[in-house]
Amino acid sequence: MRKELGLAATLLLGACASTSSGGAKHTPGVTRTGPMTTTVRGEDLPAGGGFRPPTVQNAGKLGGVIGARAEQLTASFGDARIDLVEGDARKLQFAGEGCVLDVFLYPLEPGQSPTATYVEARNPEGGTSVDEASCVRDLARR
């Protein structure tokens, strides 16, 4: 949960990184690589308190997503609208007409590649929660 909050705070920080005159302001460690795509380099972030294994969401109907690597997710859903990297964690956001899917990836062991451990799905209009499995099915059909 703490890493998720850190990712959310980084997104908010990125959204506030423009000046009132409309010109871009450089934020150390944050690179804008396209509209809605932000990469945060881990070496520019404060040092963490060591490795903590993530809590993995029950795969249930999300078996094709939970445990997947970023490459597998983009093969299923296309390019991510947001690809945010913070230290060894990563957030991918996929959006369609009916929903927005946030996939949080963390390494399960030190040194491993991050895999999807948690997802959230919401309506693109208003942000109310929607069924994650339905959103996954909708996005995979695109």
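Guide: Contact here means heavy atoms within 4.5 Å. Please keep in mind that this is a predicted model.

Visitor: In what pattern do helices and strands follow each other along the sequence?
Guide: The chain holds three helices and six strands. Read along the sequence, these elements follow the pattern α-β-β-α-β-β-β-β-α.

Visitor: With which residues is T115 in contact, leaving aside its neighbours within four places in sequence?
Guide: T115 lies in strand β6, which covers residues 115-122. Its relative accessible area is 8%, and because buried means under 20%, T115 counts as buried. Once its neighbours within four places in sequence are set aside, the residues in contact with T115 are G67, A68, R69, F104, L105, Y106, P107 and L108.

Visitor: What is the order of the strands in the open sheet?
Guide: Strand β3 (residues 82-86) is joined to β4 by five bridges, and the two run antiparallel, while β4 and β5 pair in the antiparallel sense over six bridges. The edge strands of the open sheet of four strands are β3 and β6, each of which pairs on one side only. Neighbouring strands of this sheet are turned by 15° against each other on average, direction ignored. With antiparallel pairing, the order is β3-β4-β5-β6.

Visitor: Which residue takes a positive phi in the hairpin of β3 and β4?
Guide: Within this pair of strands, I82 stands opposite Q93 in β4. The hairpin has two residues between its strands, and the residue with a positive phi near 60° is G87.

Visitor: Is β4 largely enclosed or largely open?
Guide: Of the seven residues of β4, five are buried. Helix α2 packs on the sheet, touching β4, β5 and β6, and its direction makes about 5° with that of β4.

Visitor: Which element supplies the largest share of the largest nonpolar core?
Guide: This core has 21 residues, and those with the most contacts inside it are V65, L73, F77, F94, L101 and V103. At least two residues of the core come from each of α2 (70-77), β4 (89-95), β5 (100-106), β6 and α3 (132-140). The largest share, four residues, is supplied by α3.

Visitor: With which residues is V65 in contact beyond its neighbours within four places in sequence?
Guide: V65 is among the residues with the most contacts inside the largest nonpolar core. Leaving aside those neighbours, V65 is in contact with L73, F77, V103, A116, V119 and V136.

Visitor: Why do the buried residues of α3 lie on the same side of the helix, and what arc do they cover?
Guide: The buried residues of α3 are A133, C135, V136 and L139. An α-helix has 3.6 residues a turn, so residues three or four places apart point the same way. What covers the buried residues of α3 includes α2, β4, β5 and β6. These residues are placed on the same side of α3 because the arc they cover around the axis is only 160°.

Notes. Residues are numbered from 1 along each chain as its sequence is written. This is a predicted model: local features need pLDDT of at least 70, side-chain atom pairs count only at pLDDT 80 or more; totals for chains, interfaces and linings use all residues. Side-chain values use heavy atoms; hydrogens and water are left out. Buried means under 20% relative accessible area, exposed over 50%, partly exposed in between (1.4 Å probe, protein chains only). A nonpolar core is a set of buried Ala, Val, Leu, Ile, Met, Phe, Trp, Tyr and Cys residues joined through side-chain atoms within 4.5 Å. The arc is that of the directions from the helix axis to the C-beta atoms. Two strands pair if DSSP finds at least two bridges between them. Axes are lines fitted to C-alpha atoms, for helices over the stretch in contact, and angles run from 0 to 180 degrees between N-to-C directions.
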